[in-house]
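I opened my notebook to get to know a new structure. Here it is, for you to follow along.

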Amino acid sequence: MRAKLEPYDKQPLPNYDVVPLRRDEIRIAAVQMTTKLVDPKNPKKGIKENVEHMLWLVDTAQAWPIGRKDLVCFPEFSLQGYDLSWTREDWLRIAIELPGEETELIGKKAKELNCYIELACHTKDKDWPGHYFNTSLIIGPSGTVIHKHWKAYCDPGAFEYATTVHDVLDEFVERYGWDMVWPVTRTDIGNIATFVCSEGFQPETARAFAFKGAEILVRSIN
């Protein structure tokens, strides 16, 4: 005997946390940024130039076409670029801290324009010495980092080898809880999840975020 299914519009809504929306319709800009490859021996100068270019692009996205953008998205390696010849020591030198000088500058722009800015870049964390991460992150209208996600899958052919959550899963869960393994951030433009490049080759990535209530999925790719 086949179970009787209610019409789609009569079925109960999914049960996940939300916050009130700023409006019913939002605008999103996807920016195709050309990143300057930084010098791993002296990365600060190149990163600063990339941040300045990013801020100019945010202003440009807001000005054209007509209408303010609620979310401005940037690609993978936004702040440092990517070089297969870099060593582990090079990656650790080019990685930025969160929060840090770079996110403070981007945060000022997000606050000024009352928008969310998403990007992916390499980061490090004083709580995880010796590790670097390919991180997607969101800076909100508050001017602060409100969301971060370490790239969970690195194509072995890419020779990137950034630390993933699953490399340190037990300790990660002990520190932050299971909810942060696949984080979804509640905002006034919707529930947002981010992921990076080859994570998108695994359909389970988007499914996991969707099951957790993600309404906007942002995939940053090089």
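**Ground rules.** I noted that this is a predicted model, where local features need pLDDT of at least 70, side-chain atom pairs count only at pLDDT 80 or more, and totals for chains, interfaces and linings use all residues. Residues are numbered from 1 along each chain as its sequence is written, and side-chain values use heavy atoms, with hydrogens and water left out.

**The core.** I looked up the largest nonpolar core and found 31 residues in it. Such a core is a set of buried Ala, Val, Leu, Ile, Met, Phe, Trp, Tyr and Cys residues joined through side-chain atoms within 4.5 Å. Buried means under 20% relative accessible area, exposed over 50%, and partly exposed in between, with a 1.4 Å probe and protein chains only. M54, V72, F74, L79, I106, I117 and L119 have the most contacts inside this core. At least two core residues come from each of α1 (43-63), α2 (88-94), α3 (101-113), β4 (116-124) and β5 (133-139); α1 gives the most, with seven. Helices (H or I, at least four residues) and strands (E, at least two) are DSSP runs, numbered from the N terminus.

I then checked F74. Leaving aside neighbours within four places in sequence, its contacts include V31, M33, M54, L57, I117 and L119. Contact means heavy atoms within 4.5 Å.

**Two helices.** How do α1 and α3 pack? Their angle is about 10° and their axes are 10 Å apart. Axes are lines fitted to C-alpha atoms, for helices over the stretch in contact, and angles run from 0 to 180 degrees between N-to-C directions. Among the residues making the contact are I47, V51 and M54 of α1 and L105, I106 and L113 of α3.

**Rings.** I counted ten aromatic pairs. Rings of Phe, Tyr and Trp (its six-membered ring) pair if their centres lie within 6.5 Å; planes under 30 degrees apart are stacked, over 60 edge-to-face, the rest tilted. W150 and F172 form an edge-to-face pair, 5.3 Å centre to centre with 65° between the planes. W150 lies in strand β6 (residues 145-150) and F172 in helix α4 (residues 169-176), so the pair ties together parts 22 residues apart in sequence. W150 is buried at 6% relative accessible area, and F172 is buried at 6% too. I also found F77, Y82, W86, W91 and Y132 linked into a cluster by ring pairs.

T103 sits in helix α3 and is buried at 4%. Not counting residues up to four places away in sequence, T103 touches L98, L137, I139, G143 and V145. E76 is in the loop between β2 (71-73) and α2. Is E76 buried or exposed? At 3% relative accessibility, E76 is buried. E76 and S136 are 60 residues apart in sequence, yet 7.9 Å apart in space, C-alpha to C-alpha.

The peptide bond from L98 to P99 is cis, with omega near -10°. N114 has a positive phi of about 55° although it is not a glycine, and N114 is partly exposed at 44%. C197, also not a glycine, has a positive phi of about 40°; C197 is buried at 16%.
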